[in-house]
Amino acid sequence: MEATSTHRLIFLTFLLLCTTDQVLPAGVTVSPSRSQFFKGDSVSLSCEEDNSSAGWTVRRNTITETRTQCGDKWGKPAGSTCTITYLIPSDSGVYWCEWREGAASSSIQLTVTGGSVILQSPVLPVMEGDDVTLSCHTKTAPSNLEAVFYKNGSVIRTEPAGHMTLHHVTSSDEGLYRCSISGHGESPSSSISVSGQQDKENVQLGV
């Protein structure tokens, strides 16, 4: 079922890219800066552009919604910022900032789980050559428990403190990552993508 949901969200992201007029250098930032959340967490999404954030609103695609705007049955808007005070799994989806004339920023994917484990990973693409640290967390236990990390369904390695660093990442490090902690369960999967040096000025890290 998780794979089916992921495929649907990928399709919705493709739909977003095909139906917007252009992509501007504005971006959506997330606080706290991670791609996975527990049910009951809160999150704030803000639209940032070099000159001004005025005129930008946060929109999303989920399994049940397409291009809905913050404040339309979800989220609490305040200027160009949208806050969701109590996340639930149906809030999982693709989020982006949209200009009042229809242009869109880059998008991010957020996942909300009702389970007990999340993977803390970058929200946006990471820069080629950088080091990236992934962390496996439980909702109630300490964050330094032994964790097993997976890429595309295969075990990478076990880390005694629940943190794994990918050194000098390249395109070969791209894929779906997840983690598990014995006695607590496993996280959902999150995608990691790597941007080349030519895109450096347009990439923000969400570590």
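A disulfide here is a pair of cysteine sulfur atoms within 2.5 Å. I start my notes with that cut-off, since the cysteines are what I looked up. The model is a predicted one.

**Entry 1: Cys70 and Cys82**

I checked this pair against the cut-off: the sulfurs of Cys70 and Cys82 sit 2.1 Å apart, and a disulfide joins the two residues. Which hand does the link have? I get a torsion of about 85° around the S-S bond of Cys70 and Cys82, so this disulfide is right-handed. The pair ties together distant parts of the chain, twelve residues apart: Cys70 lies in the loop between β5 (68–69) and β6, while Cys82 belongs to strand β7 (residues 81–84). Buried or exposed? Both Cys70 and Cys82 come out buried.

**Entry 2: the other cysteines**

How many disulfides does the structure hold? I find three.

Cys47 and Cys97 make one of them, with 2.1 Å between the sulfur atoms. The torsion about their S-S bond is -100°, and I note the Cys47 and Cys97 link as left-handed. It connects distant parts of the chain, from Cys47 in strand β3 to Cys97 in strand β8 (residues 93–99), 50 residues apart. I have Cys47 and Cys97 down as buried.

Then there is Cys136 with Cys179, again a disulfide, S to S 2.1 Å. I read 85° about the S-S bond of Cys136 and Cys179, a right-handed link. Cys136 is in strand β12 (residues 132–138) and Cys179 in strand β16 (residues 175–181), 43 residues apart. Cys136 is buried, as is Cys179.

I also numbered the bonded cysteines in sequence order, and the pairing reads 1-4, 2-3, 5-6.

**Entry 3: the sheet around β3 and β7**

I went on to the strands. What order do the strands of the open sheet follow? The four run β1-β3-β7-β6, with antiparallel pairing. β1 (27–31) and β6 (76–78) are the edge strands, each pairing on one side only. Neighbouring strands in this sheet are turned against each other by 20° on average, ignoring direction.

I looked at β1 with β3 (residues 43–48) in detail: five bridges join these antiparallel strands. Gly27 stands opposite Glu48 in β3.

**Entry 4: the whole chain**

Of its 207 residues, 44% count as buried. The chain exposes about 10500 Å², and carbon and sulfur atoms supply 49% of that. I also looked at contacts between residues at least 6 apart in sequence: 62% of these join residues at least 24 apart.

Methods. Residues numbered from 1 in each chain as written. Predicted model: local features only at pLDDT ≥ 70, side-chain atom pairs only at ≥ 80, totals over all residues. Heavy atoms only, no water. Pairing = 2+ DSSP bridges. Helix = DSSP H or I, 4+ residues; strand = E, 2+ residues; numbered from the N terminus. Axes fitted to C-alpha atoms, helices over the stretch in contact; angles between N-to-C directions. Buried < 20%, exposed > 50% of the residue type's maximum accessible area, 1.4 Å probe, protein only. Contact = heavy atoms within 4.5 Å. Areas by Shrake-Rupley, 256 points an atom, 1.4 Å probe, with all protein chains shown as cover.
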